[in-house]
Amino acid sequence: MPQIKSAEKRVKIIEKKTAQNKAIKSKIATYAKKFKLAVANKDAMAAEVAYNDVVSLMDSAARENVIHANSARRKKAHYAKMLDDIKKAK
């Protein structure tokens, strides 16, 4: 346990930020799961909507340094390819 008052405050702030970051990452994972489910069902319309949602969330998370920018770009490219593949299949 920290002995200095400012260190105690930092612990509280870190716990709060950790919870916020975890919530953002969980939301991204949920929307990614919805996107992958739509792709698996070959539902291009639902996949497009889910893709836009997950990309928007990843962009904002990368901007806030919740996830690394390159990780967001890599995942977005992967999801875009998945979406393009089901669109071409039709």
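Met-58 touches Ile-28, Ile-67, Ala-72, Lys-75, Lys-76 and Tyr-79, leaving aside residues up to four places away in sequence; a contact here means heavy atoms within 4.5 Å. Keep in mind that this is a predicted model, where local features need pLDDT of at least 70, side-chain atom pairs count only at pLDDT 80 or more, and totals for chains, interfaces and linings use all residues. Residues are numbered from 1 along each chain as its sequence is written, and side-chain values use heavy atoms, with hydrogens and water left out.

Met-58 also shows up in the largest nonpolar core, which has 22 residues; Ile-28, Phe-35, Ala-47, Val-54, Met-58, Ile-67 and Tyr-79 have the most contacts inside it. Such a core is a set of buried Ala, Val, Leu, Ile, Met, Phe, Trp, Tyr and Cys residues joined through side-chain atoms within 4.5 Å. Buried means under 20% relative accessible area, exposed over 50%, and partly exposed in between (1.4 Å probe, protein chains only). H1, H2 (44–63) and H3 each supply at least two residues of this core, and H2 gives the most, with ten. Helices here are DSSP runs (H or I, at least four residues), numbered from the N terminus.

Now for the helix pairs. H2 and H3 pack at about 170°, their axes 10 Å apart, and that makes H2 roughly antiparallel to H3. Axes are lines fitted to C-alpha atoms over the stretch in contact, with angles from 0 to 180 degrees between N-to-C directions. Under 35 degrees counts as roughly parallel, over 145 as roughly antiparallel. On the H2 side, the contact residues include Ala-47, Val-54 and Met-58, while H3 brings in Ala-72, Lys-75, Lys-76 and Tyr-79, among others. By class, this contact has 13 nonpolar, no polar and five charged residues.

H1 (residues 5–40) and H3 (residues 69–89) come within 10 Å and cross at roughly 25°, so they're roughly parallel to each other. Ala-32, Phe-35, Lys-36 and Val-39 of H1 meet Tyr-79, Met-82, Leu-83 and Ile-86 of H3. That set divides into seven nonpolar, no polar and one charged.

Most residues other than glycine have a negative phi. Two residues here have a positive one, though neither is a glycine:

Note on methods:
Angles under 35 degrees count as roughly parallel, over 145 as roughly antiparallel, 65 to 115 as roughly perpendicular and the rest as oblique. Ala, Val, Leu, Ile, Met, Phe, Trp, Tyr, Cys and Pro count as nonpolar, Asp, Glu, Lys and Arg as charged, and the others, Gly among them, as polar.
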